[in-house]
Amino acid sequence: MKESTLLKKYGLKDVSAHWNLSPEELQRITVAKNMGKETSNGTLAINTGKFTGRSPQDRFIVKDDYTTDKVWWGKVNKPVSSENFDKLQKEVVNYLSGKELYVRDGYVCADPRYKTNIRSITEFPWSNLFVFNMFLRPDEAELENFNEEWLVLCAPGYVAQNPSEYGIRQGNFSIINFTKKIALIGGSAYTGEMKKGIFSALNLILPVEKNVLPMHCSANVGEDGDTAIFFGLSGTGKTTLSADPKRYLIGDDEHGWDDNGVFNFEGGCYAKVIDLSEENEPDIWRAIKRDALLENVVVNEYGEVDYYDHSITQNSRVSYPIYHINKIVLPSKAGHATKIIYLSADAFGVLPPVSILDDNQAQYHFLCGYTSKL
């Protein structure tokens, strides 16, 4: 196959490559391989195994000439050498060679001035469905002339033996190489590692090279063009509050802000579904349908999902393409934010439940890290 031959430039040999399969086909393959099952309304449900969330302690950045003086090294940004990255990349490529792989061409950044093409090569079909949902989807003409700027290489089945030899903590890892422009993921099937790897790359590239502020926030816009952004850690309500039936959704998690306004990085939403109900979160509830991907939820023998069952994880989630929400902005961008909302989970009473902050207070709490973990 021509597509399989194209993968040889990454060192992948003797692979059977499935390129840009439709969500329906990826779902069919996943169910046929007993890697997931369909719920009663046709949504694919899968289990990510050992890891039901990201593993921040196993996230690394290659320390080289590009990153040495640009990254704040420490507990969050842990360094790994170029040599160790190259060794791990070779191990992952050898592991994936000879396998059936799934390739997806997409891009991030809804503002065309910052559009970044991403090629994702995944070991599992449902990982590829996640990429379809979460990255922006090129049209046929764009796919025909596609050249990737970044590569995501995702091999959940590869676990590094003797991890200390590679300068990592344990067998799983997520490593960003800014010089090679590769996000390398191994040992974890949690899909959020892929999206967060690219978001982390944009966190450095956009402010340093493009003078754009990257933000971990959701955003929407009203009928009169007033843009609101919602900052907050996972689980504080970004997705829920931005899916407002009276406003138009820009995006639920990752955005940039430049001299012209706010734009989405992504092409989908990744919502928590713990204790989800149609009454409390109708837009998210209705978005969970065919082409969506449920992660780590409990499904009974009749295909019904129990969102109140926390036995697998508190971090049960769903990814879906943004067009599953009725009121959206396309392309996913709008003018400057006139409302900035901090969503806190403050168990210590530092902030009253609802506070209106002046400019100085807003800057103070933002710089201090206003969101307290419960």
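Student: Which element gives the most to the lining of the second largest pocket, and with how many residues?
Tutor: It is α9, with five residues. The model is predicted, and its local features need pLDDT of at least 70, side-chain atom pairs count only at pLDDT 80 or more, and totals for chains, interfaces and linings use all residues. Residues are numbered from 1 along each chain as its sequence is written, and side-chain values use heavy atoms, with hydrogens and water left out.

Student: What makes a residue part of the lining of a pocket?
Tutor: It has an atom within 4 Å of a point of the pocket, which is an open set on a 1 Å grid where a 1.4 Å probe fits, with protein on both sides within 12 Å along at least five of seven lines. Here 21 residues line the second largest pocket, and I340, I341, Y342, S355 and L357 lie nearest its centre. Two or more lining residues come from each of β11 (213-221), β12 (227-231), β22 (337-342) and α9 (359-368). The space in the second largest pocket is about 500 Å³.

Student: How many of the lining residues of the second largest pocket are nonpolar, polar or charged?
Tutor: The lining has 17 nonpolar residues, three polar and one charged. Asp, Glu, Lys and Arg count as charged, Ala, Val, Leu, Ile, Met, Phe, Trp, Tyr, Cys and Pro as nonpolar, and the others as polar.

Student: Why is β11 called largely enclosed by the rest of the structure?
Tutor: Buried means under 20% relative accessible area (1.4 Å probe, protein chains only). Seven of the nine residues of β11 are buried, so the rest of the structure largely encloses this strand.

Student: How do you know which strands pair with β11?
Tutor: A pair needs at least two bridges found by DSSP, and strands are DSSP runs of E with at least two residues, while helices are runs of H or I with at least four. β11 has five bridges to β12, in the antiparallel sense, and A219 stands opposite I229 in β12. With β14 (254-258) there are four bridges, again antiparallel, and H216 faces E254 there. Three bridges join β11 to the antiparallel β13 (248-251), where Y248 stands opposite V221.

Student: What lies between β11 and β12 in their hairpin?
Tutor: Five residues lie between them, and G225 in the turn has a positive phi of about 85 degrees.

Student: What makes β1 and β5 edge strands?
Tutor: Each of β1 (16-19) and β5 (78-80) pairs on one side only. They belong to an open sheet of eight strands with mixed pairing, in the order β1-β6-β7-β8-β10-β9-β4-β5. β1 runs parallel to β6 (100-108), joined by four bridges, with W19 opposite V103.

Student: How do you know which helices touch strands β6 and β7 of this sheet?
Tutor: Touching is contact, that is, heavy atoms within 4.5 Å. Helix α4 (125-134) touches β6 and β7 (116-122), and its direction makes about 10 degrees with that of β6. Helix α6 (192-210) also touches β6 and β7, and its direction makes about 150 degrees with that of β8. Such angles run from 0 to 180 degrees between N-to-C directions of lines fitted to C-alpha atoms.

Student: What is the order of strands in the sheet that holds β2?
Tutor: The order is β2-β3-β17-β20-β16, in an open sheet with mixed pairing. Its edge strands are β2 (37-38) and β16 (268-272). β2 and β3 (44-46) are antiparallel over two bridges, with E38 opposite L44. Helix α2 (23-32) packs on this sheet, touching β2 and β3.

Notes. Points joined across faces, edges and corners; volume = space filled by probe spheres on them. Buried < 20%, exposed > 50% of the residue type's maximum accessible area, 1.4 Å probe, protein only.
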